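Please read this briefing alongside the sequence and the coordinates shown below.

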Amino acid sequence: MKVAIIGQGYVGLTIAAFASKTHQVIGFDNNPENVTRLNKGISHIEGVESADLIASIKAGLYKATTKPSDLSDAEIVVIAVPTPLNSDRKPDLSFIESACKTIGLALKRQALIINESTSFPGTLRDHIKPLVEKYSEKKLEHLYAISPERVDPGRTDWNQKNTPRLFAGLTKEASDRTCEFYSTFCDNLVEVSSPEVAEAAKLFENTFRQVNIALVNEFAEIAHALGISVHETLNAANTKPYGFMKFNPSAGVGGHCIPVDPSYLAYMAAQKGVPATFIERANEVNLEMPKYIVERVLADNGGSLNGKKVQVVGVAYKPNVADVRETPAELVIAELEKQGAYVTWHDPVVGSWRGSDSSNLGGAEIAIVVTLHDVMDIALVAASAAYVFDTTGKLSGTKGL
Ligand SMILES: NC(=O)c1ccc[n+]([C@@H]2O[C@H](COP(=O)([O-])OP(=O)(O)OC[C@H]3O[C@@H](n4cnc5c(N)ncnc54)[C@H](O)[C@@H]3O)[C@@H](O)[C@H]2O)c1
């Protein structure tokens with residue numbers, strides 16, 4: 001099949017890598033640098049190997065493009081563009097809107113249009129379909145479906161092949177064709193009764209994580225006040241073989257999903273006049289963690305960080321990825337700077353960030369470990385400053401959560 005994938009980021013390129021083993025894939029992205037790099041066979045996404053990309057390019061099964069005309073004869077179009085929050089923390093569908101405009105104007109034949117971008121229930125039916133139709137020059141009866149993405153960048157045990165995939169079409173034909181397409185590279189497809197169920201399930205999955213992370217972060221504060229180890233307590237609770245799932249405390253949540261998706265659900269709840277109190281409180285708790293961490297560091301260091309050299313170790317939002325979107329490290333740095341500290345950061349996976357390069361590990365009086373990548377030497381990190389505060393729970397013999 002000729003498959004066009006709109007957006008070649010974490011989701012779009014991951015799908016492209018799997019789909020291009022059997023289909024002819026056009027990776028459409030409006031970032032020309034991205035497209036040039038991809039056509040040279042250079043992957044910018046963890047989990048997508050450059051060697052695989054090169055093999056697909058050589059086999060004539062993958063091409064990246066910025067040209068909408070390259071989409072004209074696609075049989076399947078997958079939407080994988082960002083769905084962030086605007087400055088009021090409300091859903092920003094502008095990327096979806098622009099993708100729909102591109103699709104509507106470009107397609108010259110009937111196609112199956114599948115949304116993989118995360119959004120609130122009703123996005124496929126009430127936004128994507130009308131928008132594509134609005135921009136279609138001639139009346140083409142496209143098919144529409146949703147299949148929310150579950151990729152966890154950097155993870156190897158669960159991938160496109162073995163992670164169950166939800167899907168639903170606006171019509172039976174759309175559902176059947178969606179199933180046919182994903183069956184070519186995914187072993188376990190789960191059909192639900194409507195696109196709205198699939199959209200809501202995706203949001204609830206990430207809300208479940210957001211709320212439980214906030215709960216364990218709040219518990220970390222309680223455990224510290226009680227003078228007990230949060231990690232020992234969680235490990236003890238985790239010996240219960242049922243009814244408990246362990247989450248670990250941290251500096252907060254980051255990336256494009258956990259800090260964002262629950263607000264899409266809260267937005268929809270508000271539209272329907274239903275309170276989403278857990279989501280709102282979980283947001284607050286997670287966003288307060290950097291301040292709490294800096295207060296703990298302050299208390300351990302004579303009540304002042306003014307003029308002190310502090311190094312933040314690991315600025316990616318999670319281990320083994322270079323993704324710094326919504327990273328809590330940014331808030332930790334802001335809190336430290338508010339206290340007058342002189343802050344450097346070290347992250348060999350991220351490399352460069354906010355216009356500066358990763359500094360060498362060490363050289364500061366205080367280190368705050370936000371993210372530990374596998375390439376980091378735990379013993380060197382633990383010995384990198386006279387005082388080390390570990391938010392990951394992986395270092396022994398240091399202060400921390
Ligand atoms: N990152 C994840 O782990 C993950 C997991 C599941 C779902 N999602 C969801 O998938 C969607 C995409 O997320 P992502 O992490 O891949 O984003 P990303 O920022 O990594 O990639 C998006 C890409 O789309 C391109 N783009 C933006 N607007 C475009 C347009 N109009 N036309 C063509 N290209 C355009 C950007 O240049 C970028 O390369 C979001 O809705 C996100 O919530 C992400």
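Arg354 counts as partly exposed because its relative accessibility is 47%, where buried means under 20% relative accessible area, exposed over 50% and partly exposed in between, computed with a 1.4 Å probe and protein chains only. Arg354 lies in the loop between strand S11 (352–353) and strand S12 (356–357), and its phi is near 50°, a positive value in a residue other than glycine. The model is predicted, with local features needing pLDDT of at least 70 and side-chain atom pairs counting only at pLDDT 80 or more, while totals for chains, interfaces and linings use all residues. Residues are numbered from 1 along each chain as its sequence is written, and side-chain values use heavy atoms, with hydrogens and water left out.

**Loop between S9 and H11**

- Glu326 also has a positive phi, of about 55°, although it is not a glycine, and this residue sits in the loop between strand S9 (309–313) and helix H11 (328–338); here helices (H or I, at least four residues) and strands (E, at least two) are DSSP runs numbered from the N terminus.
- With a relative accessible area of 45%, Glu326 is partly exposed.
- Asp323 is placed in the loop between S9 and H11, but Asp323 is buried, with a relative accessible area of 6%.
- Between the C-alpha atoms of Asp323 and Lys161 there are 23 Å in space, and the two residues are 162 residues apart in sequence.

**Ligand shell**

- The ligand is surrounded by 27 residues, of which the closest are Val11, Asp29, Thr83, Ser98 and Thr118; a residue is near a molecule if one of its heavy atoms lies within 4 Å of it.
- By class, this shell holds 12 nonpolar, 11 polar and four charged residues, where Ala, Val, Leu, Ile, Met, Phe, Trp, Tyr, Cys and Pro count as nonpolar, Asp, Glu, Lys and Arg as charged, and the others, Gly among them, as polar.
- Helix H1 (10–19) and helix H4 (94–106) each contribute at least two residues of the shell, and the largest share, three residues, comes from H4.
- A polar side-chain atom of Ser98 lies 2.5 Å from a nitrogen atom of the ligand, and a polar backbone atom of Val11 is 2.8 Å from an oxygen atom of the ligand.
- A polar backbone atom of Asn30 is 3.3 Å from a nitrogen atom of the ligand.
- On its own the ligand has 830 Å² of accessible area, of which the protein covers 91%, with areas taken from the Shrake-Rupley method with a 1.4 Å probe and, for residues, only the protein chains shown counting as cover.

**Burial of helices H1 and H2**

- Nine of the 10 residues of H1 are buried, so this helix is largely enclosed by the rest of the structure; among them are Tyr10, Leu13, Ile15 and Phe18.
- In helix H2 (residues 32–39), Asn34, Val35 and Leu38 are buried, and they cover an arc of only 95° around the axis, which puts them on the same side of H2; the arc is that of the directions from the helix axis to the C-beta atoms.
- Pro32 and Glu33, on the other side of H2, are exposed.
- An α-helix has 3.6 residues a turn, so residues three or four places apart point the same way.

**Cysteines**

- The count of disulfides is zero, a disulfide being a pair of cysteine sulfur atoms within 2.5 Å.
- For Cys100, the closest cysteine sulfur is that of Cys257 at 19 Å, too far for a bond, and Cys100 is buried at 0% relative accessibility.
- For Cys186, the closest cysteine sulfur is that of Cys179 at 9.4 Å, again too far for a bond, and Cys186 is buried with a relative accessible area of 4%.

**Individual buried residues**

- Ser175, in helix H6 (residues 172–182), is buried, with a relative accessible area of 5%.
- A polar atom of the Ser175 side chain lies 2.9 Å from the backbone nitrogen of Gly169, and a polar contact of 3.4 Å joins the side chains of Ser175 and Glu191; a polar contact is a pair of N or O atoms within 3.5 Å, and within protein one must be able to donate a hydrogen and the other to accept it, with residues adjacent in sequence counting only if both atoms are side-chain atoms.
- Ile6, in strand S1 (residues 2–6), is buried at 3% relative accessibility, and its C-alpha atom is separated by 9.7 Å from that of Ile96, 90 residues apart along the chain.
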